[in-house]
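Thanks, everyone. I'll keep this short. Have a look at the structure first.

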Amino acid sequence: MNAIPLILATVTLAAAGQLLLKTGMASVGALGADALREPIALAWRVARVPQVVFGFLLYGFSAVGWIVVLADTPLSFAYPFLGLSYVVVTAAAVVILKERFAGRQWAGLALIVVGVVVVAFTGRS
Amino acid sequence: MKQDRAAYVLVAVSVALGVAGQLLLRLGASSLHAPGTAALLRAAALSPAVVGGLAAYAVSSALWLAVLSRIDVSKAYPMGASSHVLVVALAALAGEAVPPQRWGGAALIMVGVTLVGSGHVAEEDLVEAAEEGRL
């Protein structure tokens, strides 16, 4: 199916946005009750973190791409590809954030990839 | 612990909203029939189903991120992973022809996401155990 390149681009954008949001929010720090009591001040603080802004932007682009995908791709074909975001986020977490993963998690990632490939082949029918 | 129960309910709400949002997006986007991407996006912005689907998706994502810090990833991920089978089931109910292999692929992805989440708790447990002097 020729929808696959756009689906993959959309998933990658969403994963990149997610990573940026994660690192951006980490720089804001834990959101305690004090911070939540002043939502406007909090929103202003969050909105000035470049990673958060850029992360939201990428999320927005991915949402637009997703709408284009779903205009002529069955949901049951397109949605499984979103599982790949775990693979992208994990790869980035290992490479950039130097997080460590257990064997079970690698097995999980492999299963996700196999599952997506199986779904991808159903698009030919 | 009481807070935990609320967190689980919120995760379930997040998953349900996410799944419903996807179906709304598909139903909305697939009925636009606009020529070209620009026209499609303009029509999408005016489609209640697309806008509603996006809103459900946004609330679902925000809930997920807000609650994830209060609940074990090993318990949250299986709930999130269930969306992969739920979405396919909803799509089938909505009239999509779903070949058996696609169900199989979705099930593999569900198990895979659950496994990815299961590793995190092992680490957290280790840290917790170390902090409590059990290691």
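Predicted model: local features only at pLDDT ≥ 70, side-chain atom pairs only at ≥ 80, totals over all residues.

How many aromatic pairs turn up over all chains? A search of the whole structure gives four. Take Tyr86(A) and Tyr77(B). Their rings are edge-to-face, 5.4 Å centre to centre, with 70 degrees between the planes. This pair crosses between chains. Tyr86(A) sits in helix 6 of chain A, residues 84–95. Tyr77(B) sits in helix 4 of chain B, residues 73–81.

The cut-off for buried is under 20%, so both qualify. Ring pairs also bring in Trp64(B), which joins Tyr86(A) and Tyr77(B) in a cluster.

Next pair, in chain A: Phe101(A) and Trp106(A). Again edge-to-face, with 6.0 Å between centres and 65 degrees between planes. Phe101(A) counts as buried, at 16% relative accessibility. Trp106(A) is at 42%, so that one counts as partly exposed.

Now the helix. Helix 5 of chain B runs over residues 83–93. Which residues are buried there? Ser83(B), His84(B), Val87(B), Val88(B) and Ala91(B). These residues lie on the same side of helix 5 of chain B, because they cover an arc of only 135 degrees around the axis.

Last item. After helix 5 of chain B comes Gly95(B), with a positive phi near 110 degrees.

Conventions. Residues numbered from 1 in each chain as written. Chains lettered and ligands numbered in written order. Heavy atoms only, no water. Buried < 20%, exposed > 50% of the residue type's maximum accessible area, 1.4 Å probe, protein only. Helix = DSSP H or I, 4+ residues; strand = E, 2+ residues; numbered from the N terminus. Arc of directions from axis to C-beta. Phe/Tyr/Trp six-rings, centres within 6.5 Å; stacked < 30°, edge-to-face > 60°.
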